[in-house]
Each structure stands twice: as structure tokens, then as C-alpha cells.
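Please prepare a short briefing on the structure below. Keep it brisk and group the points by topic.

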Amino acid sequence: MERLVGVDIGGTRTRVAAVQRGQILARRAFPTGGMAELQKAVEEVVREAGWSKPEAIGVGAPAPMDMRQGVILHAPNLPHWNGVNVVKELGALFGCLVFLGNDATCAAIGELVYGWKSKDFLYVTWSTGIGGGIVAGGEVVWGTTGQAGEIGHIPLRPDGPRCRCGKRGCLEAFAGGLGLSDRAWEGLGERLSALELVKRAQQGDPGPARLVDEACQAMGQALAIVAELLEPELIVFGGGLTHSWGFLEPKVETALREMSRVKPRLELTRLGDDVGLLGAAALPFHFPKF
Ligand SMILES: [Zn+2]
């Protein structure tokens, strides 16, 4: 299998690429819509790559899903995709194998195959929300339903802020982009995006600096839990908040070192924004055997 299509469905944008031996031959990016928009983009990249049809399509999505059936479930951030059987529908349209997986785990596959190529690492998406994917002993860890590695919902403080998942005190409630915005509103009375909050913290504004410190402390604590559990060599970061990596990384690293005996390196993804896309294209080779 060489002629692969990777699809990375995001909350705001969807990216599609024709990938052969790790090279992106054609790509499209567009505001996330439904199946009609996706079909058009896949047709375009396949044509541009000079193929008659793809041999397999891998799809990553930030949503709970039934991986076995290939159905996206209860996805409030993906209204066009709720209940859609992606595997069946895309498979019927293109006459090829289709695989559906968690987007952060797809990013971990991208990093395993084309990025740092470590055999023991955790991949963390630090963005609006916080997602993760685990590679242990060179194998992708999927869990029972494919949602393993969701470090954003590790409970850190039972009396902490309410998380969007319904629980309290998850990492995401402290350090996710939306969680940080909520905390700026509740704690500082200001409507700030997470990026604005980080910028103000960098300028030495004490209120935002305190919230960003707490977020990095929470990230370090969650990483310490994972590090003690899995002893990874590496923790790889991607996602929008890592644009301020130089400011955030030392804070996260200090917190991690204080709380964990295991000393994984912290690195940025080597694949930039393509990590999820390349990983989705490689999903057919790493899909769990249910
Ligand atoms: Zn949560």
C-alpha cells in the first residue's frame, strides 16, 4: 500500500493530503464542513497526485468514536460529523479501505513514523483543548475504544475548575486554551484568548502570569504522572499554544522535574502542522487489531 490519503478533521479546519512514501504530493485545507466538502478535496488531491484512486484513506478526528465501526460519536465541536460512519461512506465513495482514529493518536503515529521516531514517547497537543497519544515499545497504545492517551482529562484536583467533559480539575481546565480563557474571565474579569493571556504574561503582567504559571504547573504535574507510569524517552508537543514554546517550556520542565523521577526530554514536533496529517495517512499500518 503506497497511495495513501491522510485526512485531519479539526474543529475549525480540515486538511487533506495525498501521501506516498512520506512525501505529500498534493494537499488541501479548508473550513471544516461535511462529507461533500471532504469528498471534493480527496478527489482533488488524488487527481493532482496522478492516481486513479487511493489505496487507503486514514482519517483523524478530535472526537469520541467507535473505531471498530468507523463512526464519529457525540462531537459537539464537529456538528457535521455527529453519527457519521466515515469508514463506510468514504469507502463507498472511493472504493478503498478507510480507517478512523483519534487525532492526537494519529499525530503520535506521524511522530513515530516520520518525526522523532522514538519507541517510547508521549505526544501532546496543546491547543484549544489538550489531547495526547502514546507510543510504548514502538507500538501505538489505543486502549479499549481508541481513546488512550487523553492526558487533558487526567484529574489533578477534585475541587478544581469545571472541565468541559463534566468533571472537575482536569488538566485541560487549567491549561487548555478554552480553560485558560475561562480562568482569565473568572479570575481577572477579562475576555482574553489563551494566546493573549500568554502574551500578557510574557510582558510581566502579574494576573496573567499567575494563571500561565498555574497552567504550566498543571501540565508538569500531568506529565509527571504519565512519566512515572510509562517511562517515556521523550514528550513531544504540538498545537497552537506551542507557538510560545520558548516561554512555556522552561516552566513545564521545572514542574515536571520537581514531581517526577523520570526525566524525559521535552521537544516540539519535527513535522509542524503536518504531524496529524502524515499520521492519519500512516494510520492504516498502525490500526489496532480488534
Ligand atoms: Zn475533563
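Helix α9 is mostly covered, with 10 of its 12 residues buried. Buried means under 20% relative accessible area, exposed means over 50%, and partly exposed lies in between, with a 1.4 Å probe and protein chains only. This is a predicted model: local features need pLDDT of at least 70, side-chain atom pairs count only at pLDDT 80 or more, and totals for chains, interfaces and linings use all residues. Residues are numbered from 1 along each chain as its sequence is written, and side-chain values use heavy atoms, with hydrogens and water left out.

**Helix α9**

- The buried residues of α9 include Val275, Gly276, Leu277 and Leu278.
- Gly279, Ala280, Ala281, Ala282, Leu283 and Pro284 are also among the buried residues of α9.
- Helix α9 covers residues 275–286, and at 1.5 Å a residue its 12 residues should span 16 Å.
- The end C-alpha atoms of α9 are 15 Å apart, which agrees with that span.
- The expected span is 1.5 Å times one less than the number of residues in the helix.
- Helices (H or I, at least four residues) and strands (E, at least two) are DSSP runs, numbered from the N terminus.

**Zinc site**

- The protein donors of the zinc ion are His153 (ND1), Cys163 (SG), Cys165 (SG) and Cys170 (SG).
- These donors lie 2.1 to 2.4 Å from the zinc ion.
- Donors are N, O and S atoms within 2.8 Å of the metal (3.2 Å for Na, K and Ca); water is not among the atoms, so sites may look incomplete.
- The arrangement is tetrahedral because the 4 donor atoms subtend angles of 106 to 120 degrees around the zinc ion.
- Four donors count as tetrahedral if all angles lie between 85 and 135 degrees.
- In sequence, the donor residues follow the spacing H-x9-C-x1-C-x4-C.
- His153 and Cys170 are 17 residues apart, and each sits in the loop between β10 (139–141) and α4 (171–175).
- His153 is partly exposed, at a relative accessible area of 23%.
- Cys170 is buried, at a relative accessible area of 0%.

**Helix packing**

- Two packed helices are described by the angle between their axes and the distance between the axes.
- Helix α1 (residues 35–48) and helix α2 (residues 86–94) have axes that come within 11 Å and cross at roughly 45 degrees.
- Axes are lines fitted to C-alpha atoms, for helices over the stretch in contact, and angles run from 0 to 180 degrees between N-to-C directions.
- α1 and α2 are therefore oblique to each other.
- Angles under 35 degrees count as roughly parallel, over 145 as roughly antiparallel, 65 to 115 as roughly perpendicular, and the rest as oblique.
- The α1 and α2 crossing is right-handed.
- A crossing is right-handed if the near helix is turned clockwise from the far one by less than a right angle, and left-handed if anticlockwise.
- Helix α7 (residues 206–230) packs on helix α8 (residues 245–259) at an angle of about 50 degrees, with the axes 7 Å apart.
- That angle makes α7 oblique to α8.
- The crossing of α7 and α8 is right-handed.

**Positive phi**

- Most residues other than glycine have a negative phi.
- Arg21 is not a glycine, yet has a positive phi of about 45 degrees.
- Arg21 lies in the loop between β2 (13–20) and β3 (23–31), and counts as exposed at 65% relative accessibility.
- Lys117, also a residue other than glycine, has a positive phi near 55 degrees.
- Lys117 lies in the loop between α3 (103–114) and β8 (121–126), and counts as exposed at 53% relative accessibility.

**Residue pairs in sequence and space**

- Thr269 sits in the loop between β12 (265–268) and α9, and counts as buried at 15% relative accessibility.
- Thr269 and Ala108 are 161 residues apart along the chain, with C-alpha atoms separated by 9.5 Å.
- Glu37 belongs to helix α1 and counts as partly exposed at 40% relative accessibility.
- Glu37 and Thr14 are 23 residues apart along the chain, with C-alpha atoms separated by 9.5 Å.
- Val226 belongs to helix α7 and is buried, with a relative accessible area of 7%.
- Val226 and Arg168 are 58 residues apart in sequence and 19 Å apart in space, C-alpha to C-alpha.

Technical notes. Tetrahedral: all angles 85-135°; square planar, octahedral: opposite > 155°, others 65-115°.
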